[in-house]
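Grab a pencil and work through a few exercises on the model below. Each task comes with a solution that goes step by step.

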Amino acid sequence: MTIYARTAFNRGKMHIYLDDTFLQTVDLYTASLIDQNPVFSTTFAYGDHTVTMQWAGTKNASSSGTAIFIDKLTYTGDQDVVDDTAFSYTGTWTNSSSCNGAYNNTCSHTSTSGAYATYSFTGSWLAVFARTAYNRGMMNVYIDNTLVSTVDLYSANLVEERVVYSTSLSHGSHTVKLEYSGTKNAASSGYLVFIDKIIYTNELVTVDDEAFTYTGTWNNDDSCDWAYNSTCSGANSSGAYATYTFTGSAMTIYSRPAYNRGKMKVYLDNTLQATVDLYSPSLINERPVYSLSFPYGNHTVKLEWDGTKNANSSDYHVFIDKMTYFTAAPTPTPTATVTNTPTATSTPTVTLTPTSTNTPTSTSTNTPTITPTNTPPPNWGGSGTCWVGGSSWDVYTVYYSIDRNSIPTSLGWDAYIFAAAETWNDVSPSHFVFVYSTNSTNVISREEPPNDPFFLAEVYPHLFFPFVTISEKQMAINPLYSWDTNNTPDPSDPNSNGSTSTYNLQNVLTHEFGHMLQLNHPSLDCEEETMYELIERGEIKKISLEPDDVDAINWKYP
Amino acid sequence: MKKNILMTLILILGLSVSAISVLHYKPVALTSQGSLPKFDVDDLIEMSELIVIGEVETTLPSRWRGIEGVDLKNASPDDVVKARGLFTDSVISVDQILKGEIVEPAIRVRRFTGEVRNVIWANDSEPTYDTGKTYMLFLVHDFGPTANIDPGDYIAVGAFQGVYEIVDGKAISRKDEWILKELVAYIENSLSGAK
């Protein structure tokens with residue numbers, strides 16, 4: 001999916017959740033107004049999902065406000081990922097295979113006039129990804145030789161795999177061209193243009209049952225509240241069938257299985273593909289009951305009353321709700337991140353075998369795959385001038401949750417907890433990320449630290465007998481102290497918000513998330529580091545990391 | 001034949017017991033860490049209920065603390081799963097009192113680290129009290145989750161910050177160092193309002 005917003009000078013940050021799992025905090029600030037700016041894009045397994053966008057209450061230093069703005073959201077049912085290595089390059093480019101943090105660890109960049117890169121594809125939606133940074137310039141984006149946008153690749157900090165441009169397209173063959181422009185915004189120190197990858201998709205079309213052509217006796221009902229568009233079609237007599245002709249490559253049939261359903265034959269181009277059992281002991285709405293992939297082209301699907309049923313069913317009814325199909329054959333690359341995952345339970349196993357002549361042979365299956373990240377195992381221990389490493393997680397993604405009994409949402413702490421975690425997530429090239437998940441047993445709570453009551457906050461292990469595996473961490477924030485959430489520096493001291501009676505929440509939690517990473521305290525001579533263990537009232541300097549803190553996470557979790 | 005089977009069973013049983021023993025007594029170090037308010041000497045003087053100089057007489061066995069703050073003496077494996085950490089009490093023989101009053105010549109001071117059988121609980125912000133060594137201690141009564149376990153025990157103000165080891169006429173903490181006489185005079189002046 002891609003989320004679009006109007007970014008502007010007075011925008012703040014926005015938390016994005018998918019299915020109640022925190023994904024990212026997005027900064028909506030830009031120096032000038034940008035309409036329909038794609039601010040976030042992500043991929044995930046096909047299925048029902050819920051996206052939540054939440055006001056964060058924070059902003060970057062350049063913004064004059066914390067407002068967030070939502071314009072629209074787009075999503076698609078299938079996609080293909082194209083690494084920068086697949087582009088054709090003209091002019092002087094550096095094509096690197098050691099871009100840690102970039103997709104497949106490869107990237108291409110240029111600072112030379114006349115340089116451009118092209119890629120041709122068949123699809124209906126496109127997103128361009130780059131690594132933005134402090135020294136980036138503007139990049140011209142052409143679709144089919146028409147300049148459609150000049151995108152700014154500048155950002156104050158390094159941002160990996162960032163969507164810098166996306167658009168919907170008429171379905172068909174297209175060529176995207178990415179060109180060095182030789183321009184930049186005033187804040188950037190350079191003109192470098194950087195390409196990481198593109199994603200393009202084929203359009204998913206939904207066909208209501210009303211669009212089918214019916215033969216025999218059917219009940220075409222427009223008051224099916226449970227159904228897509230509130231329409232459905234049912235039959236229970238010999239000779240009843242429905243047909244639909246379309247141009248596409250893969251289809252899914254949806255029905256409403258129930259206790260009185262029989263079996264339905266599915267034909268494609270007059271060839272029987274399967275006999276689908278629509279029986280279910282209870283009613284299931286909008287259920288995908290059959291899915292099939294086939295070469296792109298003109299096809300006719302036929303759904304026919306079979307007159308048979310399984311022994312448990314009380315009758316022979318068949319029902320049609322809707323059908324979906326893709327308008328072109330998927331063109332998977334070896335690293336395609338998501339494949340279609342229909343969940344029909346009463347259908348035979350289907351293997352996707354597109355053989356369209358304009359695409360490579362597919363290796364997709366019905367199983368979703370997650371792109372492996374080419375990262376070495378985390379390092380244990382380690383130390384530098386002002387950092388000390390402890391043990392390490394054996395994974396690069398650690399989930400955490402918030403104890404809602406002691407930290408209810410109404411307390412207003414969520415944004416600061418997320419921001420503290422995000423500070424570590426933002427470090428590049430480290431691949432380590434904290435992800436908020438309501439189900440995680442790494443719990444952050446507002447309670448007395450379990451040990452010394454003088455601690456502002458404490459991270460401690462969750463015990464297991466006989467202590468062979470310690471895989472969970474708890475974080476306790478001490479309620480005996482007064483806390484503030486004012487991150488604005490005092491005019492006389494940039495390291496303090498001026499409070500003489502309270503401790504800044506994000507300041508302390510950024511330190512504690514360092515412990516969640518398994519970082520230890522450095523020497524007491526290292527007073528500027530976030531991992532320095534002593535904290536003063538009003539202090540906010542730990543909110544941003546020092547070079548040794550950055551070195552620590554990069555070494556432990558490269 | 002029966003003898004061979006019996007010998008095999010005895011051998012298997014013996015190896016199993018050995019394996020379980022090795023697993024059970026393999027030492028495991030658990031670490032808790034956090035952040036502390038930064039205190040200077042003036043803070044320590046003001047916050048302390050008791051400031052003393054004394055020698056560590058002995059260190060008592062470490063104990064587990066339960067979720068509700070109960071002392072898990074003789075903790076079973078099931079109890080340990082409920083535990084939140086180890087604590088250890090040390091008996092300090094008091095030589096000099098700079099602030100506060102005590103009835104007995106010795107006090108008990110608690111730290112939140114320790115070792116029980118095969119488990120070591122570490123926290124690098126906690127003080128250490130080595131038997132036979134002399135310390136200047138800035139103390140308050142334990143007011144945390146272990147306050148109800150042997151009430152009356154003290155803890156150091158600000159963890160390691162409230163503990164100065166006395167060595168060669170100096171008072172040395174992890175982040176601070178004084179000539180002992182000067183620190184004593186500073187505390188006395190501070191408490192008399194003459195600072």
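Before starting, a pairing rule: two strands pair if DSSP finds at least two bridges between them. Helices (H or I, at least four residues) and strands (E, at least two) are DSSP runs, numbered from the N terminus. This is a predicted model, where local features need pLDDT of at least 70 and side-chain atom pairs count only at pLDDT 80 or more, while totals for chains, interfaces and linings use all residues. Residues are numbered from 1 along each chain as its sequence is written, with chains lettered from A and ligands numbered from 1 in the order in which they are written.

**Exercise 1.** Find how strand 32 of chain A and strand 2 of chain B pair, then describe the side of chain B that touches chain A.

Step one: strand 32 (residues 457-461) of chain A runs antiparallel to strand 2 of chain B, and 3 bridges link the pair.

Step two: count contacts (C-beta atoms, placed from the backbone, within 7 Å). Chain A and chain B put in 32 residues each. On the chain B side, helix 1 (2-25), strand 1 (28-31), strand 2 (33-37) and helix 3 (77-81) each give two or more residues. Strand 2 of chain B supplies the largest share, 5 residues.

Step three: sort that side by type, and you get 15 nonpolar, 11 polar and 6 charged residues. Here Ala, Val, Leu, Ile, Met, Phe, Trp, Tyr, Cys and Pro count as nonpolar, Asp, Glu, Lys and Arg as charged, and the others, Gly among them, as polar.

**Exercise 2.** Work out the strand order of the open sheet of 3 strands in chain A, and say which strands stand at the edges.

Step one: the order reads 3-2-5, and the pairing is antiparallel. Strand 3 (21-27) and strand 5 (51-55) of chain A each have a single partner strand, so one side of each has no neighbour in the sheet.

**Exercise 3.** Which residues have the most contacts inside the largest nonpolar core?

Step one: such a core is a set of buried Ala, Val, Leu, Ile, Met, Phe, Trp, Tyr and Cys residues joined through C-beta atoms within 7 Å. Buried means 20 or more other C-beta atoms within 10 Å of a residue's own, exposed means 12 or fewer, and partly exposed is in between.

Step two: the core has 85 residues, and the top three are Ile417(A), Leu137(B) and Leu139(B). Helix 1 (residues 414-425) of chain A gives the most, 8 residues. Domain 1 (2-202) and domain 3 (383-556) of chain A both contribute, so the core lies between them; the bounds come from an automatic or database domain assignment.

Step three: check the neighbours of Leu137(B), which include Val52(B), Ile92(B) and Val163(B).

**Exercise 4.** Is Trp125(A) buried or partly exposed?

Trp125(A) sits in strand 11 (residues 116-132) of chain A. Because 19 other C-beta atoms lie within 10 Å, Trp125(A) is partly exposed. Its C-alpha atom is 5.3 Å from that of Tyr200(A), 75 residues apart along the chain.

**Exercise 5.** How many bridges join strand 3 of chain B to strand 10 of chain B?

The antiparallel pair of strand 3 (residues 50-59) and strand 10 (residues 134-141) of chain B has 6 bridges, with Glu55(B) opposite Thr134(B). Strand 3 of chain B also pairs antiparallel with strand 6 (residues 85-99) of chain B, over 8 bridges.

Technical notes. Two residues are in contact if their C-beta atoms, placed from the backbone, lie within 7 Å. Lists of a residue's contacts leave out its neighbours within four places in sequence.
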